[in-house]
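Please read them next to the coordinates.

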Amino acid sequence: MAIPNFSFLPLLALPLLYWAFNLPKNTKLVFYVHDYLSGHDTSAITVAGKDGPQTSVLHFGTVVAVDDPVTEGPDPKSKLIGRAQGMYINSQLDGKGLHLMFSVIFTGGEFKGSTLEIQGADLFAMKEREFSIVSGTGYFRFVRGYGIMTTEFIDIPNLKAILKLDVTVKHY
């Protein structure tokens with residue numbers, strides 16, 4: 001009778017051990033983006049549109065560059081933890097929808113030096129909008145996730161808004 005050969009077991013154990021010690025982490029974050037297209041604290045500008053840079057963000061085809069403050073709370077004086085840098089495009093014919101593409105660059109707090117890459121639709125007339133977290137760096141390497149955006153404050157005549165981003169991500 002032949003004795004079974006179990007020499008392959010260590011080879012099977014190595015991937016299982018690697019897998020066991022590299023399980024994804026879940027992280028939930030809430031932060032606020034202050035998007036101001038006017039005033040002394042302007043953090044976003046129209047760079048292109050049907051009528052050039054003077055085109056309103058509320059018109060189809062308008063491109064806006066942003067470098068918005070990111071804070072821990074909705075108050076503009078709350079602790080600054082980063083910047084939201086990128087752009088959005090008004091991509092809906094009736095002017096009521098944006099396509100977002102920006103990086104949240106953490107400059108303070110627990111995630112200082114890390115980034116999250118955000119992309120997705122912002123149908124700003126809706127109370128809640130869902131977007132994708134498509135990438136990240138630092139603490140958020142190999143991230144994937146989603147977020148829910150709600151408008152905490154909006155001043156349409158002066159084109160100012162404070163957005164709450166409630167983010168859930170999985171990463172290693």
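1. The side chains of D67 and R83 form a salt bridge, with N and O 3.0 Å apart; the term requires a side-chain nitrogen of Lys or Arg within 4 Å of a carboxyl oxygen of Asp or Glu. D67 belongs to strand 3 and R83 to strand 4, so the pair ties together parts 16 residues apart in sequence. D67 is partly exposed at 32% relative accessible area, and R83 is partly exposed at 25%. Here buried means under 20% relative accessible area, exposed over 50%, and partly exposed in between (1.4 Å probe, protein chains only).

2. On provenance: this is a predicted model, in which local features need pLDDT of at least 70 and side-chain atom pairs count only at pLDDT 80 or more, while totals for chains, interfaces and linings use all residues. Residues are numbered from 1 along each chain as its sequence is written, and side-chain values use heavy atoms, with hydrogens and water left out.

3. The protein has 1 helix and 9 strands, running α-β-β-β-β-β-β-β-β-β from the N terminus. Helices (H or I, at least four residues) and strands (E, at least two) are DSSP runs, numbered from the N terminus. Of the 172 residues, 37% are buried. The accessible surface is about 10,400 Å², and carbon and sulfur atoms account for 62% of that surface; areas come from the Shrake-Rupley method with a 1.4 Å probe, and for residues only the protein chains shown count as cover. Taking contacts (heavy atoms within 4.5 Å) between residues at least 6 apart in sequence, 47% join residues at least 24 apart.

4. The salt bridge count is 3. One of them joins the side chains of K160 and D41, at 3.0 Å from N to O. K160 is in strand 9 and D41 in the loop between strand 1 and strand 2, 119 residues apart. K160 is buried at 17% relative accessible area, whereas D41 is partly exposed at 28%. A further salt bridge pairs R129 with D122, the closest N and O atoms being 2.7 Å apart; R129 and D122 are both buried.

5. What else does K160 touch? Leaving out residues up to four places away in sequence, its contacts include D35, Y36, F153 and I154. A polar atom of the K160 side chain also lies 3.3 Å from the backbone oxygen of S38. Strand 9, which holds K160, covers residues 160-171.

6. S43 sits in the loop between strand 1 (25-36) and strand 2 (44-48). Is S43 buried or exposed? S43 is buried, with a relative accessible area of 9%. Its side chain makes a polar contact with the side chain of D68 at 2.6 Å. A polar contact is a pair of N or O atoms within 3.5 Å; within protein, one must be able to donate a hydrogen and the other to accept it, and residues adjacent in sequence count only if both atoms are side-chain atoms. Beyond four places in sequence, S43 also touches residues including H34, A65, D67 and P69.

7. The largest nonpolar core has 30 residues, and those with the most contacts inside it are F31, Y88, F106, L116, L165 and V167. Strands 1, 3, 4, 5, 6, 7 and 9 each supply at least two residues of this core. Such a core is a set of buried Ala, Val, Leu, Ile, Met, Phe, Trp, Tyr and Cys residues joined through side-chain atoms within 4.5 Å. Among the residues that L165 touches are L29, F31, F102, I118 and I148.

8. Two loop residues deserve a check of backbone geometry. F142, in the loop between strand 7 (128-137) and strand 8, has phi near 60° and is exposed at 68% relative accessibility. L159, in the loop between strand 8 and strand 9, has a positive phi of about 50° and is partly exposed at 26%. Most residues other than glycine have a negative phi.

9. L58, I154 and I156 make a nonpolar surface patch of about 260 Å². Patches are made of residues with over 30% relative accessible area and no salt bridge, like charges being joined within 9 Å and nonpolar side chains (Val, Leu, Ile, Met, Phe, Trp, Tyr) within 5 Å. I154 lies in strand 8 (residues 144-155) and is partly exposed, at 47% relative accessible area.
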